[in-house]
Amino acid sequence: METMTATTKRITAETTAPAAQTRYTGETARERATRYVFAGIRIALGWTFLWAFLDKVFGLGHATEAKNAWVNGGSPTKGFLTFGAAGPFKGFYQGIAGAAWADVLFMTGLAAIGVALLLGIGMRVAAVAGTVLYVMMWTVVLPPENNPFMDDHLLNAALLAGLALVNAGATLGLGATWAKLPLVQRFPWLR
């Protein structure tokens, strides 16, 4: 085997092999650090979704009081959508505030996205669903309080897309194992 140029030392190939048959032989410290940074971001975002779910279900006192917990008959969408909505979509959000279907969809989304991100599975689906949820939360209060249009919801939506693109579920997660499942092999969008 012949080692290629200094800039591609970690890639080696047979001298007679076509370029498509090169094989990966290692990663740089920078690449490894990058994988772990993205895995950390994935886990952090997953926790924010799962924490919101748990707080709203059980009223853990952070954003939801126990008396307003979903398990105690409270609605996870009613309070904020009724009293916090502002801007051009205010009427739409106030119209769905407290609807049972909206509560179930919202809570299912929070739980599923949070679990998927924490485990590193279904990253593509979680990224799309999370982006939709983040953009919807962004549209609840327009314009945002501290900027004419940009806020953390849009930044986190972009981060979710990036996490799916770099396969962040494979580091500190079950993404590599998930990708080998026959169902996921058959339907790659489930990765």
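Biologist: What share of the 191 residues in the chain is buried?
Modeller: Buried residues make up 34% of them. Keep in mind that this is a predicted model.

Biologist: And how much accessible surface does the chain have?
Modeller: About 11500 Å². Carbon and sulfur atoms account for 66% of that.

Biologist: What secondary structure is there?
Modeller: Eight helices and three strands. Along the sequence the pattern reads β-β-β-α-α-α-α-α-α-α-α.

Biologist: Let's move to H6. How many residues does H6 have, and how far does it reach?
Modeller: H6 covers residues 152-165, so to speak 14 residues. From first C-alpha to last it reaches 20 Å, close to the 20 Å expected at 1.5 Å a residue.

Biologist: Which residues of H6 are buried?
Modeller: His-153, Asn-156, Ala-157, Leu-160, Leu-163 and Ala-164. These lie on the same side of H6, because they cover an arc of only 120° around the axis.

Biologist: What do they pack against?
Modeller: Three partners: helix H1 (29-58), helix H4 (100-119) and helix H5 (123-140).

Biologist: Which exposed residues sit on the face turned away from the buried side?
Modeller: Leu-155 and Leu-165.

Biologist: Now the ends. What caps the N-terminal end of H6?
Modeller: Asp-151 does. One of its side-chain oxygens lies 3.0 Å from the backbone nitrogen of His-153. His-153 is also on the buried list.

Biologist: Which residue with positive phi follows H6?
Modeller: Asn-167, with phi near 60°.

Biologist: Back to the whole chain. Of contacts between residues at least 6 apart in sequence, how many join residues at least 24 apart?
Modeller: 54% of them.

Technical notes. Residues numbered from 1 in each chain as written. Predicted model: local features only at pLDDT ≥ 70, side-chain atom pairs only at ≥ 80, totals over all residues. Heavy atoms only, no water. Helix = DSSP H or I, 4+ residues; strand = E, 2+ residues; numbered from the N terminus. Expected span 1.5 Å × (residues − 1). Buried < 20%, exposed > 50% of the residue type's maximum accessible area, 1.4 Å probe, protein only. Arc of directions from axis to C-beta. Contact = heavy atoms within 4.5 Å. Polar contact = N/O pair within 3.5 Å; in protein donor to acceptor, adjacent residues only side chain to side chain. Areas by Shrake-Rupley, 256 points an atom, 1.4 Å probe, with all protein chains shown as cover.
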